[in-house]
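Subject: Structure for your study

Dear colleague,

Please find the structure below, handed over for your study. After it, I set out what was found.

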Amino acid sequence: MPLEKEEIKEDIQGPIEREKEEAREKFAELFEIVKKRYENFPSETVKQEFLAHTEDVLDRVIEISFLKNFSSEERMAVEIAAILHDLTKADPPPKKYADIPNYVLVNHHQMAAGEVPEILTDEYLKKIGVKEGNFDELRRWVEKAILEHMGPHPGFMEKTLKRVNADLGKRGFSKIHHPQAEGKISQALLAADMKALADAKGIQKILALRSSQDVFLKEDKKRLESFEGLGIHLSLAEVRFLSAMESALEAEQMVRSLGDTDLSKWIEKVIEQDKKIVFRDPVSGEGLRWEEVLQKIKS
């Protein structure tokens, strides 16, 4: 869900829409790189969900960049960061980390940031209109934003990071860190990513992901058994949906932590919209409603 029309000044609505169209044309090569890497996803459904997420985040950072009066250079940096921020999410982990569940999930920020110099070559930056003296600065902005777009997270991601770091520690490997987003470019990317995670498309993406990957299937089945032990009767689809709801609420907390009232109100409206929607589980087709699942847990 993009910004509501009343939240965007009328005089910048046209420029925002033009920028969205132009960005897709200007950065077509970057989108192709991302699409090729996403071939590693386990299903076409998950691949399409992540491609849609990438475009969604791009649209949102463009909106924020106009609302926050970014310079043309800052806008270009945050647009590129939006396209590349999840670049490595479908990649297999390096061999030495292959037996550590969720390694790529919690470390894709470092993996993607590490590829920025290789992708944003001087030749490429010159082709898209970056001034020659600004190459290094733009690469730094993009790399920093990607490194900082993940955190630190509350809830699910924080727990997942702790488990991965525990496994890394047992093997004598360095632990993974999710740095705080600092600066307008990093904060814009984080806010856009979190809003995309919290809205209807984001929730549907999580449902697709959790229904297609073994590690999440096992987690959700284990959680289902835990609920049964407490006398709470949920379907597997509802457990998946609960995880998606929790991710949306965690995303809201992340944006609030930035201390920007405008962005906080922005994501709060998304959560309220989520509560009115009937979602569909990608496996069972079961209709899923926010308040109904919460009521089962409360009762």
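Predicted model: local features only at pLDDT ≥ 70, side-chain atom pairs only at ≥ 80, totals over all residues.

Thr 160 belongs to helix 9, which covers residues 155–170. Its relative accessible area is 0%, and Thr 160 is therefore buried, the cut-off being under 20%.

Is Trp 141 buried or partly exposed? With a relative accessible area of 24%, Trp 141 counts as partly exposed, because that class lies between 20% and 50%. Once residues up to four places away in sequence are left out, Trp 141 touches Glu 73, Glu 74, Ala 77 and Ile 185. Trp 141 and Met 76 are separated by 65 residues in sequence, while their C-alpha atoms are 9.9 Å apart in space.

Helix 8 also meets another helix. Two packed helices are described by the angle between their axes and by the distance between those axes. For helix 5 (residues 103–113) and helix 8 (residues 135–148), the axes come within 8 Å and cross at roughly 170°. An angle over 145 degrees counts as roughly antiparallel, and helix 5 and helix 8 are therefore roughly antiparallel to each other. On the side of helix 5, the contact is made by His 109, Gln 110, Ala 112 and Ala 113, and on the side of helix 8 by Glu 143, Ile 146 and Leu 147. Sorted by class, this contact has four nonpolar residues, two polar residues and one charged residue.

Helix 3 is followed by Asn 69, whose phi is positive, near 55°.

Finally, I turn to the nonpolar core. The largest one has 97 residues, and those with the most contacts inside it are Phe 27, Leu 30, Ile 80, Tyr 103, Leu 120, Leu 138 and Val 142. What does Leu 30 touch, not counting residues up to four places away in sequence? Leu 30 touches Ile 80, Ile 83, Leu 84, Ile 119, Leu 120 and Tyr 124.

Yours sincerely

Methods
Residues numbered from 1 in each chain as written. Heavy atoms only, no water. Axes fitted to C-alpha atoms, helices over the stretch in contact; angles between N-to-C directions. Helix = DSSP H or I, 4+ residues; strand = E, 2+ residues; numbered from the N terminus. Parallel < 35°, antiparallel > 145°, perpendicular 65-115°, else oblique. Contact = heavy atoms within 4.5 Å. Nonpolar A, V, L, I, M, F, W, Y, C, P; charged D, E, K, R; others polar. Core = buried A, V, L, I, M, F, W, Y, C linked by side-chain atoms within 4.5 Å. Buried < 20%, exposed > 50% of the residue type's maximum accessible area, 1.4 Å probe, protein only.
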